[in-house]
Amino acid sequence: MASITKKIKSYRVRTQHQDFRPGVLTSVTSPQLERATGSDAGASISVKQYHPYFQEVAGILSRCSLLLSSDDSSRNPLFCNGCVYIPQRDELYIASGLLQSSNSSVLPTILISQIHIQRDHTDWQQSIGAVEWMKLRAPQNMPMPAGACLFKEGILYCSQGTLAPDTGGLWYMPWRKAPIPILTNYFGKPFNSIQNVVQDREGGLWFTDASVSFEQGIRPQPRLPNQVYRLDINSHDVRVVADGFGRPTGIALSPDGDTLYVTDTDSLRPDGSTDPTRAATIYAFDVTQRAGSYFLTNRRVFSYAVDGVPMAVTCDVSGNVYAACGDGVEVWSPGGVALGLIDVPGGCTTLCFGRRGELFIGSGQRLWTILLNQTDEEREEGLRD
């Protein structure tokens, strides 16, 4: 498919300070920051602060940009899952939602967007000046890609599979090469539809598996419970490490690797409605070692989504937790304190960090970026580049 190049305009982000702690209720607008004006007014993202510490996370120089949108063209959900940033090439990859075929007998497809970033080198923040966008078809042997993570010299994709036998699993896509299967079954039993994956410092792969694709009619009847797994990439040992979920979806590790976060999106029903009595929860586990193997212990509720369900989750270098929810990106401290919200029109379904405080936000038909607070070292690095 042909590529498209688009120049990017950034906007200052409006910040609302709202403190919901008992006995304290304030709501004021920061005078230093403004919302987008012109044709994008009312359709931009904003920042809401729930706790004073969030100002250290978001900063006062936050800027957002609408990188890409299908609002005025196909209106397809092109920016839904598997957000991965490759720093060596300054590229972003993100998968679409299910794209229905005009032929009712043909299964939906998923496209992968390859986005090459062009920096504004006159700006010390190295903000994005333009993007080159190309839509790619997923390889036939890696159908229905969902979540993804950096892996070796490329990307590791969660292939949900199709109704055909022996499809789905974890697939490694090297740079400009055909995908390679890493894991396609659990001792002969096919996975339900792997949703998301994260790699630890030892190279181990932690991933969630849920029967989402069966509910959507693109996978056969499940033969396994909805569970969380770990694959030792060296010994090829694969183990179930957590169960008892309705629909395990997002997964992330804390920066020190001692805590694993897993989201349960069971509140979201197959018809798109939500059941408020079911889980929209982020669980935290301690990552421990016993007899040379990794285990998850001390399962606990970390947080409950304020709006919608936590479709994806990630951490910043300080250990703060960011979740893709119905109202945008909800942010918590490592201790589970609600810090703030990056309010995104239409919500958020996938997210990942780029360079120097950049957060990429997939919102179905739109792809955003917001530049959060930067350390003094990052500012100095930007000035040197």
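Serine 363 sits in the loop that connects strand 30 (358–362) with strand 31 (366–371), in what is a predicted model. With a relative accessible area of 10%, serine 363 counts as buried, because the cut-off for that class is under 20%.

**Surroundings of serine 363**
- Once neighbours within four places in sequence are left aside, the contacts of serine 363 are Phe79, Val344, Pro345, Gly346, Gly347 and Trp368.

- Four strands, ordered 21-22-23-24, make up an open sheet in which the pairing is antiparallel.
- Strand 21 (248–253) and strand 24 (293–304) are the edge strands, and each has a single partner strand, so one side of each is left without a neighbour in the sheet.
- On average, and with direction ignored, neighbouring strands of this sheet are turned by 25° against each other.
- Four bridges join strand 21 to strand 22 (residues 259–264) in the antiparallel sense, and isoleucine 251 stands opposite valine 262 of strand 22.

**The second largest pocket**
- Sorted by class, the lining of the second largest pocket comprises 19 polar, 14 nonpolar and three charged residues.

Notes:
Residues numbered from 1 in each chain as written. Predicted model: local features only at pLDDT ≥ 70, side-chain atom pairs only at ≥ 80, totals over all residues. Heavy atoms only, no water. Nonpolar A, V, L, I, M, F, W, Y, C, P; charged D, E, K, R; others polar. Pairing = 2+ DSSP bridges. Helix = DSSP H or I, 4+ residues; strand = E, 2+ residues; numbered from the N terminus. Axes fitted to C-alpha atoms, helices over the stretch in contact; angles between N-to-C directions. Buried < 20%, exposed > 50% of the residue type's maximum accessible area, 1.4 Å probe, protein only. Contact = heavy atoms within 4.5 Å.
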